[in-house]
Amino acid sequence: MKIIDNLKDGYEILKENNISTYKIDCEILMSKTLNMSREEILLNLEKKIKEEEKKKYFILINRRKKNEPIAYITNNKDFWRGSFITNKNVLIPRPDSEHLVEQTLKLIQKNQAKRILDIGVGSGCLSISILKERPYCKCDAIDACKNALKLAKINANLHQLIDRIKFFKRDVDNFCNDKYDLIISNPPYIKKHKIKYLGTINYEPKIALDGGLDGLEVIKKVISKSKYLLKFNGKLILEIGYDQKYKVVNFLKERNFFINKIIKDYGNNSRCIVSTKIN
Ligand SMILES: C[S@@+](CC[C@H](N)C(=O)[O-])C[C@H]1O[C@@H](n2cnc3c(N)ncnc32)[C@H](O)[C@@H]1O
């Protein structure tokens, strides 16, 4: 059977299962199956594929049909200016988190050597993206999940940054170290009882999503800890949930952080707060 016929069968299966991105998803899964780029697939629609390739493709289609995210099936996600290996131990890097990278880069000049801490490093997408553009900076990265750290190290290796990032398996509560110029964090911030309604997000590790009863448990820990880990005038760049701005801003102010900036996402929700430790 030709590529085009298998693609069409895939479209039907995913469409029936309400996968709105069925077309692009089938093309991506075919390109994974045949180890060809999506462009090559589209240029070779009349090419015949082998029986075992067809089997492999439909195994992937069946995973996608059950709503498993494409990034877990292909083990890959593009973020900022790079490509990252992903698996079920880490949150899939989100375009909204690119605001954290953008804001952090604005705070560091190209030739500056700043010390950065990434709390909840996950796949490593934030620190790796920042270090690639700021060659004199170094980063410490912590995560409570051993398997997330494993993957972050693999990504750091792939991006040739393993000598500039130090990894620690630590809960933010138990991390004590020297002082940092900047702390970045995209902590889990979903309310516990809402996680089960999140659809495809449900494939992702609970530890990366679960912000406790009010969604603010880990965010508050990150802020409280940052007060001790940041140098005077150090910056905290934090991602928050779409409805958490007022509570997080108040919590920051109570702990003597000055609010520099609140950045909205592409859906006009406040999602990133840049603040300064002032005493
Ligand atoms: C929302 S994910 C963010 C991952 C990555 N930084 C990103 O932006 O894609 C949150 C990460 O924090 C880690 N984490 C959750 N609770 C933590 C805690 N108390 N201390 C340290 N890390 C924690 C999770 O394992 C997860 O990798």
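Let me begin with the ligand, which is surrounded by 23 residues, the closest being Gly120, Gly122, Ala144, Cys145 and Asn186, where a residue counts as near a molecule if its C-beta atom, placed from the backbone, lies within 6 Å of it. This is a predicted model, in which local features need pLDDT of at least 70 and side-chain atom pairs count only at pLDDT 80 or more, while totals for chains, interfaces and linings use all residues. Residues are numbered from 1 along each chain as its sequence is written.

At least two residues of the shell come from α7, and at least two from β4 (138-143); here helices are DSSP runs of H or I with at least four residues, strands are runs of E with at least two, and both are numbered from the N terminus.

Let me stay with α7. Of its 9 residues, 7 are buried, so α7 is largely enclosed by the rest of the structure, and a residue is buried if 20 or more other C-beta atoms lie within 10 Å of its own, with C-beta atoms placed from the backbone. Among these buried residues are Cys125, Leu126 and Ile130.

Now to the strands. In β6 (residues 180-185), 5 of the 6 residues are buried, so this strand too is largely enclosed by the rest of the structure. Strand β3 (residues 115-119) pairs with β6 in the parallel sense over 4 bridges, where pairing requires that DSSP finds at least two bridges between two strands, and Ile119 stands opposite Ser185 in β6. β6 also pairs in the parallel sense with β7 (residues 230-239), over 5 bridges, and there Ser185 stands opposite Leu238.

Notes
A residue is buried if 20 or more other C-beta atoms lie within 10 Å of its own, exposed if 12 or fewer, and partly exposed in between; C-beta atoms are placed from the backbone.
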